[in-house]
Amino acid sequence: MTTTPIEAVAPDTDESYADDIDDALYVEESSGQVASRVGRDMVQNVHNWLGHYQAAHELSDAFVDETIATFVNRVYSPGGLSREAAAEVLREQHYVLLVADPGTGRRTAAVGLLGGVSSPRREIPIDDDEQRLLPVDKVPWTSYGRSAYLLTVPPGNRNGRLRETLIAYREAVEKRDSYLVVLVDRKSLERPEDVPGFTVLTVSAPAREELLSRLLGDGPAWLDVDLLLQTPPLPAMLDGANPAQIARLSRRIRAAAGDPQEPLAEIARKSVQAYQNWDEELVAWFEKYADPRTRLFLIALAFLQGGQATNVLHAMEKLAEKLEEPADVRGGMGAPGIRQLAKNVKARIDDEHRIFFTLPSYDVAILRYVHGDQSKGFRNRLWSWASDLPMRRGGSPNARIAGQVASAMLAVTLALPGADAPEVRILVERWWGYQTLRPLVVDLMTAVAMSPEAGAAMRGRLNQWAVQSGSLTLLCAVARVCGGALADAYPQAVMTRLNNLAGRGLDAVTQEVVEAVRSLWERPLHRQATLQRVIAWAAGQDQRHDAGLRALAAISNTPDQAGFLLTELAGHPELQTGLVDAFTLLFTGRGPQGEFRETLFRWLDAAAVEPMYEDLITDLMIRAGGAGQGASSRFARMSDLLYDWQPTAHDAQAPDARALRDRLNERFHQANPLDAS
């Protein structure tokens, strides 16, 4: 689809990351209002937008630089400061409370401050499910040196002792000799000046006309932007618009401004109608065209714009079958053909027999209209049909068409009022069985879950599925999403969902959970929280026990990995206590089996050459062996494990391992209550 999928429709949308950034178009060339060449591989569409969300959450250098390059000046107070002067305040004072209400472009204003200090920069995550700030000791602080952090206080009254919490955050940042910008609205903190250690700044919203002009600044050279912005009905649209809405309007103007010969009044009219989702146009169109064949062709083209016209016609007939429409809907000499249908739906067929709408942003508007005008059952059948579009007999799915369908799903999900994502499940369950489509499925789910428009609903849905769904396909997909980019933006939410999945006790799901753990473990930002959760699973007596042992095996799968894990354990007494509980449970049973048995052998291999590891493993096993009833049996199983690891027949070839085995056995005998008696 030739669409821009980010649609900031809520009047108070503040976190759309596009306030002052022009989003890349999906059409590289236009002739009149008709796209003549589609830019980008459609399979990359969702992936590219996921990268956009991720860069915004991570405050990447590229994202910050682009924000600064397109920054529209606004006034920071007190003192009527420019962005550069306000950034100097941050450099000097290190800790700034930026007080501004949602919908004013405040996040962009905060990024403007952060652009004045050195990278790396990080956004501090919150407890997404509870909409609270994390305790300071639960924040995944960067392991780099001096950094710059952005913290957005969730609006509302769930923050409790906000003043004390912000002081704790400032002290934690101060220990790291770093910078901190806190975004807070006026209702959440009535007297920000009472929070010690912070410099308080407020910021105004950017001038609407200047913002829109800047967003259109690199548009067609022939377009007189200043005159266009004075052309009705654009001035009325700007009245009261917030920055996110202005950014969306700028994209509609770009889509409409394709023909140098078209009057500015027509460009302005089309831009506003496109901004308003062509609601009036579509109401009139559906009143005029009651013919099911024409209506279905319109919907099929909304999914497949830019494809061969005959393929769109074929897809339309398949949609008629899916909806159980009468047989005459699917063709015949008496039915309108491709060219008549194209004319009826305001589309044009080019010289290569590809078909495009002649109205800007019409495809997403159509799907949005249909979603709001039809029943849930119709929508389910519609997306079931769409999920089948990439499928080919006897071959792998068509990745390009899958990308178009996924792009349509992302676009319409973000464009709907009260954005939600129930139909995403239909694509997941249809496509997950194809290895070539799994990356696209993960990117789609992640992009929706990270989007400002539908993210909260999708993250809630991921948790609902993790707890309640009986679909292995869906559960595995949720686990894969949790091991990816979503964790960087919402680490605690991801851990909650993986915890729920680990408790399901389903082997295929557990394996995906283990792979997610492996992915998180490889990223330093998540390492400590991941290890805490995995050890907690291993120490539990429910279904998570097996998931914890398998995950520990996965993250210490080689000698180097085993040594790295033991080093992490050596510095954390709480983790050691959790592992003692896991060992107690393990050796009270029949002892370690399978992958975790081999893992313990690798740990012992590491201990044979590193005294620090020997002390750690000895302490863990002695504490676990002597915990409560059954100590003698546990020590006996531990001794058996040692002889399995280092059989006496191999003593001559491995004297260090033999010596470690004998020392540990001696300690077991000393600690064993029966031997001691």
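A polar contact is taken here as a pair of N or O atoms within 3.5 Å, where within protein one atom must be able to donate a hydrogen and the other to accept it, and where residues adjacent in sequence count only if both atoms are side-chain atoms. The structure is a predicted model, in which local features need pLDDT of at least 70 and side-chain atom pairs count only at pLDDT 80 or more, while totals for chains, interfaces and linings use all residues. Residues are numbered from 1 along each chain as its sequence is written, and side-chain values use heavy atoms, with hydrogens and water left out.

The protein contains 33 helices and ten strands, these being DSSP runs numbered from the N terminus (helices H or I, at least four residues; strands E, at least two). Its C-alpha atoms fill a box of roughly 100 × 70 × 40 Å along the principal axes. Of the 677 residues, 56% are buried, a term that denotes under 20% relative accessible area, with exposed meaning over 50% and partly exposed in between (1.4 Å probe, protein chains only). Where contact means heavy atoms within 4.5 Å, 74% of the contacts between residues at least 6 apart in sequence join residues at least 24 apart.

In the helix α22 (residues 486-489), Asp488 is buried, with a relative accessible area of 16%. The side chain of Asp488 makes a polar contact of 3.1 Å with the side chain of Arg523. When neighbours within four places in sequence are left aside, the residues in contact with Asp488 are Gln54, Glu58, Arg122, Arg523 and His526.

A second polar contact, of 2.9 Å, joins the side chains of Asn277 and Arg248. Asn277 lies in the loop between α10 (264-275) and α11 (279-288) and is buried, at a relative accessible area of 9%. Beyond its neighbours within four places in sequence, Asn277 is in contact with Arg248, Leu282, Ala365 and Arg368. By C-alpha positions, Asn277 is 72 Å from Gln646, and the two are 369 residues apart in sequence.

Burial is also found within helices. In α6 (residues 208-215), Leu211, Leu212 and Leu215 are buried. Seen down the axis of α6, its buried residues fall within an arc of 95°, so they line one face of the helix; the arc is that of the directions from the helix axis to the C-beta atoms. These buried residues pack against α8 (234-238) and α9 (243-256). In helix α30 (residues 611-625), Thr618 is likewise buried, at 6% relative accessibility, and touches Leu664 and Arg667 when residues up to four places away in sequence are not counted.

The peptide bond from Ser77 to Pro78 is cis, with omega near 5°, and Pro78 is placed in the loop between β3 (76-77) and α3 (83-93). The bond from Pro232 to Pro233 is also cis, with omega near 5°, Pro233 being in the loop between α7 (225-228) and α8. Although not a glycine, Leu59 has a positive phi of about 50°; Leu59 lies in the loop between α1 (43-58) and α2 (61-69) and is buried, with a relative accessible area of 2%. Ser361, which is not a glycine either, has a positive phi of about 60° and is found in the loop between β10 (355-357) and α15 (362-373), where Ser361 counts as buried at 18% relative accessibility.
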